[in-house]
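Dear colleague,

I am passing on a structure that you have not worked with before. Please look through the sequence and the model below, and then read the notes that follow.

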Amino acid sequence: MKKQTPHKQIKALDAEIARLQNSLPKLELKEFETTCERINQLEIKRVQLLYPIENEQQLTTYKIVTK
C-alpha cells in the first residue's frame with residue numbers, strides 16, 4: 001500500500017467524517033455515542049495533518065506515587 005500525501009489523507013478523513021455524520025440519525029444511543037467519539041478522533045487527526053507541529057516532542061510523563 002502506497003503512503004498517501006497529507007492532502008489525500010485529509011480528503012479521505014473528510015469523506016469518512018461525512019459518511020459517519022450522515023449515519024448518526026439512524027443509530028441507537030450506544031452506537032450514536034460510539035460514532036460521535038470516532039468522529040471526534042478523526043477530526044483531531046485531520047487538524048493534526050492540517051497544522052503539523054515541527055519538531056514535536058512527546059510530553060513528559062510523570063509517575064504518580066501514592067502512599
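**What was found**

Of the 67 residues in the protein, 13% are buried, where buried means under 20% relative accessible area, exposed means over 50%, and partly exposed covers what lies in between, with a 1.4 Å probe and protein chains only. Please bear in mind that this is a predicted model, in which local features need pLDDT of at least 70 and side-chain atom pairs count only at pLDDT 80 or more, while totals for chains, interfaces and linings use all residues. Residues are numbered from 1 along each chain as its sequence is written, and side-chain values use heavy atoms, with hydrogens and water left out.

The accessible surface of the protein comes to about 6,700 Å², and 54% of that surface belongs to carbon and sulfur atoms; accessible areas come from the Shrake-Rupley method with a 1.4 Å probe, and for residues only the protein chains shown count as cover.

**The two helices**

The protein has two helices and zero strands, helices (H or I, at least four residues) and strands (E, at least two) being DSSP runs numbered from the N terminus. Two packed helices are described by the angle between their axes and the distance between the axes. Here the axes of helix H1 (residues 6-23) and H2 come within 10 Å and cross at roughly 160°, the axes being lines fitted to C-alpha atoms, for helices over the stretch in contact, with angles that run from 0 to 180 degrees between N-to-C directions. H1 and H2 are therefore roughly antiparallel to each other, since angles over 145 degrees count as roughly antiparallel, under 35 as roughly parallel, 65 to 115 as roughly perpendicular and the rest as oblique. The crossing of H1 and H2 is left-handed, which is the term used if the near helix is turned anticlockwise from the far one by less than a right angle, clockwise being right-handed.

Glutamine 41, in helix H2, lies 24 residues from isoleucine 17 in sequence, with their C-alpha atoms 9.7 Å apart in space. With a relative accessible area of 40%, glutamine 41 is partly exposed.

**Salt bridges**

A search of the whole structure finds two salt bridges, each being a side-chain nitrogen of Lys or Arg within 4 Å of a carboxyl oxygen of Asp or Glu. Aspartate 14 forms a salt bridge with arginine 46, and their closest N and O atoms are 2.4 Å apart. This pair links distant parts of the chain, with aspartate 14 in helix H1 and arginine 46 in helix H2, 32 residues apart. Aspartate 14 counts as partly exposed because its relative accessibility is 33%, and arginine 46 counts as partly exposed at 26%.

Arginine 19 forms a salt bridge with glutamate 16, and here the closest N and O atoms are 2.8 Å apart. Because arginine 19 and glutamate 16 are three residues apart in helix H1, they are separated by about one helical turn.

**A nonpolar patch**

Val47, Leu50 and Tyr51 form a nonpolar patch on the surface, with about 300 Å² of accessible area together; patches are made of residues with over 30% relative accessible area and no salt bridge, like charges being joined within 9 Å and nonpolar side chains (Val, Leu, Ile, Met, Phe, Trp, Tyr) within 5 Å. Valine 47 lies in helix H2 (residues 29-50) and, at 41% relative accessibility, counts as partly exposed. Leucine 50 is also found in helix H2, and leucine 50 and proline 6 are 44 residues apart in sequence but 7.8 Å apart in space, C-alpha to C-alpha.
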